[in-house]
Amino acid sequence: MVGAIGAIGYDFHDHTLELLSYRKRSKFGKERKITTTSVKVMQEKTFPNTFNSFDTKKGRILITPHGPDPVFYGIRGENVDSLLYATKILKSEEKLDGYMIFKSNQGTGDHLKNELNFENMFPYASGKITGIVSNSPKIVKGGHVFFKINSNNHEFWCAVYKETGITTIASNLIKGDKICVGGGVRKASKNFPRIINLEFIEIISLEKNISLSNPFCQKCNKKMKSKGKNQGFQCIRCGRKAMNKTSSIISRKIKKQLYIPKISAHRHLTRPLQRKDIINKSTKFDKSLSWFCVYRN
């Protein structure tokens, strides 16, 4: 009832569709068998009008549920025609009962549109926040990455878990980088205050990564040695002196762009990169479209 009321009252600023294909009652609870190659081909042929159907890196099918429910598969996409075309590409020996297409907020990123701040950073809240990285990211046991950002004179902890596949991005952030992050707020623990579990990192600007080193003696082709605090540097061979360290800029391994988790770590509402600039505006229900069908077999 809660879900039904939420669906009726939902204010769609963007939407996607999902085609659910149903099994015959005699097949409920039995193993689902669908040709892996057909799912891969379907994704390739219907891109970008369908999304999150197949994980090419893991060779994993993402459209079939694992429970005993009556759904055989669910295809997510942008329009009815693309979903129906997708069903014709999929191959399975199981005879299905029919399908129904639902309007959905999957793939819209709607849960991360709220602006988080110090006042509304409650446990289990979700949204996005823009700030400046204020410490060097720390990689902890398990490969997870933790760092802090400063936003409106308040510091917030952020966590990027290994399973997301974007820990490398997080670990290459440095103090001064301006980023926008989105995710859900985890309640405080013994080791950390409230933390934002990140679902995306958008890099707005990158700080120059400057490295300081002892000056180089051009004559002897060797680095000079420090003479002590505030006493400058001197070449131990020829005696040449210098007062300051040499600075050099280290190239960054990350770029100004949006980074999201790998496909197998997407939540239902995660907006795929292919939907970044797509907005489906709500329209009146079109009775002429094939929203559902009961197969005669």
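**Terms and their grounds**

Guide: Let us begin with Asn52, which counts as buried at 10% relative accessibility. Please keep in mind that this is a predicted model.

Visitor: Why is Asn52 called buried?

Guide: The term buried requires a relative accessible area under 20%. Asn52 has 10% relative accessibility, and therefore Asn52 counts as buried. Asn52 is found in the loop between strand 2 and strand 3 (54–55).

Visitor: What makes the phi of Asn52 worth a remark?

Guide: Most residues other than glycine have a negative phi. Asn52 is not a glycine, yet its phi is positive, at about 55 degrees. Asn153 is also not a glycine and has a positive phi, of about 65 degrees. The loop between strand 9 (145–151) and strand 10 (154–160) holds Asn153.

Visitor: Is Asn153 buried or exposed, and how do you know?

Guide: A residue is exposed if its relative accessible area is over 50%. The value for Asn153 is 74%, so Asn153 is exposed.

Visitor: Which residues does Asn52 touch?

Guide: Leaving aside residues up to four places away in sequence, Asn52 touches Gln43, Leu62, Arg76, Ile263, His266 and Pro272.

Visitor: What makes the link between the side chains of Asn52 and His266 a polar contact?

Guide: The cut-off for such a pair of N or O atoms is 3.5 Å. The contact between the side chains of Asn52 and His266 is 3.1 Å, a value within 3.5 Å. As for Ser264, it is 212 residues from Asn52 in sequence, while the two C-alpha atoms are 8.4 Å apart in space.

Visitor: How do you know that the peptide bond between Phe47 and Pro48 deserves mention?

Guide: Most peptide bonds are trans. The bond that joins Phe47 and Pro48 is cis, with an omega of about 5 degrees. Pro48 has its place in the loop between helix 2 and strand 2.

Visitor: What is the order of the strands in the open sheet of 5 strands?

Guide: The order is 2-5-1-6-21, and the pairing is antiparallel. Strand 2 (50–51) and strand 21 (292–294) are called edge strands, as each pairs on one side only.

Visitor: How do you know that strand 6 and strand 21 are paired?

Guide: Two strands pair if there are at least two bridges between them. Strand 6 and strand 21 have 3 bridges, in the antiparallel sense. Within this sheet, Tyr99 has Cys293 in strand 21 as its bridge partner.

Visitor: How many bridges join strand 1 to strand 6, and how many join strand 1 to strand 5?

Guide: Strand 1 is joined to strand 6 by 8 bridges, and to strand 5 by 6 bridges. Both pairs run antiparallel. Tyr22 has Gly98 in strand 6 as its bridge partner, and Glu18 stands opposite Arg76 in strand 5.

Visitor: Why is Met100 called partly exposed?

Guide: The term applies between the limits of 20% and 50%. Met100 has a relative accessible area of 35%, and so Met100 is partly exposed. Met100 lies in strand 6 (residues 96–104).

Visitor: Which residues form a nonpolar patch with Met100?

Guide: Met100 forms the patch on the surface with Phe102 and Phe292, and together they have about 290 Å² of accessible area.

Technical notes:
Residues are numbered from 1 along each chain as its sequence is written. This is a predicted model: local features need pLDDT of at least 70, side-chain atom pairs count only at pLDDT 80 or more; totals for chains, interfaces and linings use all residues. Side-chain values use heavy atoms; hydrogens and water are left out. Patches are made of residues with over 30% relative accessible area and no salt bridge: like charges are joined within 9 Å, nonpolar side chains (Val, Leu, Ile, Met, Phe, Trp, Tyr) within 5 Å. Accessible areas come from the Shrake-Rupley method with a 1.4 Å probe; for residues, only the protein chains shown count as cover. A salt bridge is a side-chain nitrogen of Lys or Arg within 4 Å of a carboxyl oxygen of Asp or Glu. Helices (H or I, at least four residues) and strands (E, at least two) are DSSP runs, numbered from the N terminus. Buried means under 20% relative accessible area, exposed over 50%, partly exposed in between (1.4 Å probe, protein chains only). Contact means heavy atoms within 4.5 Å. A polar contact is a pair of N or O atoms within 3.5 Å; within protein, one must be able to donate a hydrogen and the other to accept it, and residues adjacent in sequence count only if both atoms are side-chain atoms.
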